[in-house]
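Open the model in your viewer and keep the selection panel at hand. The stops below say what to select next and what is there.

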2 protein chains.
Amino acid sequence: MEKIRIGIVGYGNIGRGVEQAIARNEDMELKAVFTRRDPAAVTVKTESAQVKHFDEMLSMKNEIDVMVLCGGSATDLPVIGPEVAANFNTIDSFDTHAKIPEYFANVDKAAKEGGNVSIISVGWDPGMFSLNRLYAESILVQGSTYTFWGKGVSQGHSDAIRRIKGVKNAIQYTVPMDEAVERVRTGSEPQLTTKDKHLRECYVVAEEGADKAAIEQEIKTMPNYFDEYVTTVTFITEEELKAEHSKMPHGGFVIRSGETGTEGSRHVIEYSLKLDSNPEFTASVLVAYARAAYRLSKAGESGARSVFEIAPALLSMKTPEQLRKEIL
Amino acid sequence: MEKIRIGIVGYGNIGRGVEQAIARNEDMELKAVFTRRDPAAVTVKTESAQVKHFDEMLSMKNEIDVMVLCGGSATDLPVIGPEVAANFNTIDSFDTHAKIPEYFANVDKAAKEGGNVSIISVGWDPGMFSLNRLYAESILVQGSTYTFWGKGVSQGHSDAIRRIKGVKNAIQYTVPMDEAVERVRTGSEPQLTTKDKHLRECYVVAEEGADKAAIEQEIKTMPNYFDEYVTTVTFITEEELKAEHSKMPHGGFVIRSGETGTEGSRHVIEYSLKLDSNPEFTASVLVAYARAAYRLSKAGESGARSVFEIAPALLSMKTPEQLRKEIL
């Protein structure tokens with residue numbers, strides 16, 4: 001079997017997850033990892049894969065079928081997304097919701113000019129959660145959709161706590177409120193405020209002699225980040241933080257309820273994820289969509305796509321015939 | 001806005017559900033209902049819609065964009081599926097799993113010759129459950145998928161009970177076993193037997209003077225239908241049956257759990273439905289896919305498709321731009 005040759009751009013948590021996911025998909029192989037660091041200082045797990053500097057990418061134009069872009073959405077992807085799409089098929093997990101239309105347009109232009117396929121905003125939210133919102137609202141036209149995240153670490157909120165004076169280290173979990181989830185599951189379409197939906201759990205390591213009461217107060221009143229939520233603050237030691245809070249679990253729920261017919265029949269559609277490792281799961285989604293990009297490119301298509309425009313069969317190693325026979 | 005003109009073939013529970021779903025989708029209109037009964041004896045709710053005999057279908061070839069076939073899978077769809085696909089775009093909910101490849105081939109041939117698009121096996125299982133099996137196994141390549149059905153009426157099992165001597169009426173619910181669902185949700189990938197996964201609840205109206213113990217024994221030992229399950233039998237009156245068991249609720253769960261990475265990270269993906277009305281929900285899915293068939297046909301495509309080959313964006317009233325902006 002001719003394998004799909006993958007390149008990874010950026011070797012952080014997601015990049016390492018993509019490498020591991022490729023090893024679990026027998027129709028794929030990792031050809032190279034591209035980094036902005038000194039390639040000699042980066043060691044990858046895949047023996048047959050090369051490590052190259054970001055600037056050397058073009059030298060592998062004929063050896064890589066799809067590039068998986070594992071950079072951040074704030075500053076990295078807006079630049080490298082269109083840049084790489086001009087020369088390679090790409091997959092990314094761009095997740096700055098408000099800037100998706102602009103990003104899509106930029107990547108689309110570059111991908112079309114280069115004759116490549118780029119699938120943007122792939123992962124679980126945006127990604128699988130988006131798909132479930134779309135399917136559910138297309139079926140239950142009159143209804144309400146709710147998305148709950150967690151329990152999982154919010155990197156942005158953890159960073160915000162770490163910037164407070166007297167804080168040595170911190171981690172913040174977004175936790176869906178059980179009561180709110182249960183109300184939504186009844187199909188009653190409740191009106192829920194921000195505060196009703198999620199709780200924010202903070203685990204904080206204070207510097208020696210720091211004023212813990214002041215830190216707690218500053219966290220709980222922080223505008224945008226915490227002031228609109230029920231927030232709990234627990235002080236722990238650096239050892240406890242390492243021992244109990246170094247994993248990256250996440251998950252959440254997309255629930256839509258709505259009405260059909262003329263006699264008020266009600267229905268609840270729920271999709272949920274419970275993930276041990278947020279980056280490894282995200283990487284597994286990216287790799288499935290890399291297969292779709294490869295196939296669309298082989299079929300002569302070009303331009304940007306979102307998960308909405310990708311027929312599900314393109315994600316599977318199985319043929320359409322197998323899929324219809326085995327799992328339809 | 002030019003509306004998508006729908007025809008309904010067969011006016012039973014699903015056909016009536018499709019009519020109601022069309023009324024909830026502002027880009028669609030019901031043009032005609034086709035029946036094998038005397039059209040004069042069939043009254044539909046949509047004033048502007050015609051009722052015509054099945055044999056008059058061709059006279060409306062230029063007035064209908066998509067035909068939604070609401071016949072049964074055992075004997076009706078295998079005949080009318082290819083027959084209608086030769087002249088119209090079609091949607092159906094063919095659900096005899098073992099015969100899907102053959103049915104697909106027959107519909108595909110007719111649809112290609114007629115230049116039409118036919119989407120087969122649309123609904124929730126096959127349909128939304130199939131899609132979730134596909135997405136989940138494409139992401140978690142190493143893992144196990146479990147499908148649970150219910151709580152909901154199994155028409156086949158209810159019929160089997162009704163054929164027993166001394167039984168006046170009966171209804172059978174398939175009920176997922178909570179304990180099994182919970183074990184699957186832990187991500188432990190348990191081995192489950194048929195008996196572990198579902199319970200069969202039977203509500204039976206006995207004829208006067210019938211031997212209830214014999215009826216219960218006959219139900220519980222019926223091969224294929226009940227002998228491999230934990231089965232409960234409750235005798236009730238005809239009035240109780242009408243009062244408490246005349247609705248058509250259903251639902252179920254598709255759960256896949258699997259592993260990623262090199263350190264055994266485990267993940268659980270769950271999709272669930274809780275439906276007040278099985279036929280109305282199925283009809284709502286059919287109508288969303290009718291929109292997709294219409295669009296693919298307008299784009300010049302032809303032949304049979306399953307839900308696996310349909311890009312999700314095709315189901316939505318919203319444009320791809322709106323979808324990316326609003327729900328991605």
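Two strands pair if DSSP finds at least two bridges between them. Helices (H or I, at least four residues) and strands (E, at least two) are DSSP runs, numbered from the N terminus. This is a predicted model, in which local features need pLDDT of at least 70 and side-chain atom pairs count only at pLDDT 80 or more, while totals for chains, interfaces and linings use all residues. Residues are numbered from 1 along each chain as its sequence is written, chains are lettered from A and ligands numbered from 1 in the order in which they are written, and side-chain values use heavy atoms, with hydrogens and water left out.

**Stop 1: the seven-stranded sheet of chain B**

Select the strands E3-E2-E1-E4-E5-E6-E14 of chain B, given here in their order in an open sheet with parallel pairing. At the edges are E3 (50-53) and E14 (303-305) of chain B, each pairing on one side only. On average, neighbouring strands of this sheet are turned by 25° against each other, direction ignored. Angles run from 0 to 180 degrees between N-to-C directions, and axes are lines fitted to C-alpha atoms, for helices over the stretch in contact.

Now pick out E1 (residues 4-9) and E4 (residues 66-69) of chain B, a parallel pair with four bridges. Across this pair, Ile6(B) is opposite Val66(B) in E4(B).

Contact means heavy atoms within 4.5 Å.

**Stop 2: the four-stranded sheet of chain B**

Which order do the strands of the open sheet of four have? In chain B the order is E8-E9-E10-E11, with mixed pairing. Its edge strands are E8 (152-153) and E11 (230-235) of chain B. E8(B) pairs with E9 (residues 167-176) of chain B in the antiparallel sense over two bridges, and Gly152(B) stands opposite Thr174(B) in E9(B).

Helix H5 (residues 155-162) of chain B packs on this sheet and touches E8, E9 and E10 (198-206) of chain B, its direction making about 145° with that of E9(B). Helix H8 (residues 212-220) of chain B touches E9, E10 and E11 of chain B, at about 155° to the direction of E11(B).

**Stop 3: between the chains**

Show both chains. How many residues of chain A are in contact with chain B? There are 69, in contact with 69 residues of chain B. The two chains bury about 6,000 Å² between them, 59% of it on carbon and sulfur atoms; buried area is the accessible area (1.4 Å probe) that two parts lose on being put together, summed over both. Select Arg24(A), Arg324(A) and Leu328(A), which supply 15% of the area that chain A buries against chain B, more than any other three residues.

Next, select helix H4 (residues 128-139) of chain A and helix H10 (residues 278-298) of chain B, which pack at about 105° with their axes 8 Å apart. H4(A) is therefore roughly perpendicular to H10(B), a term for angles of 65 to 115 degrees. Residues making the contact include Tyr135(A) of H4(A) and Phe281(B) of H10(B).

How values were computed
Parallel < 35°, antiparallel > 145°, perpendicular 65-115°, else oblique.
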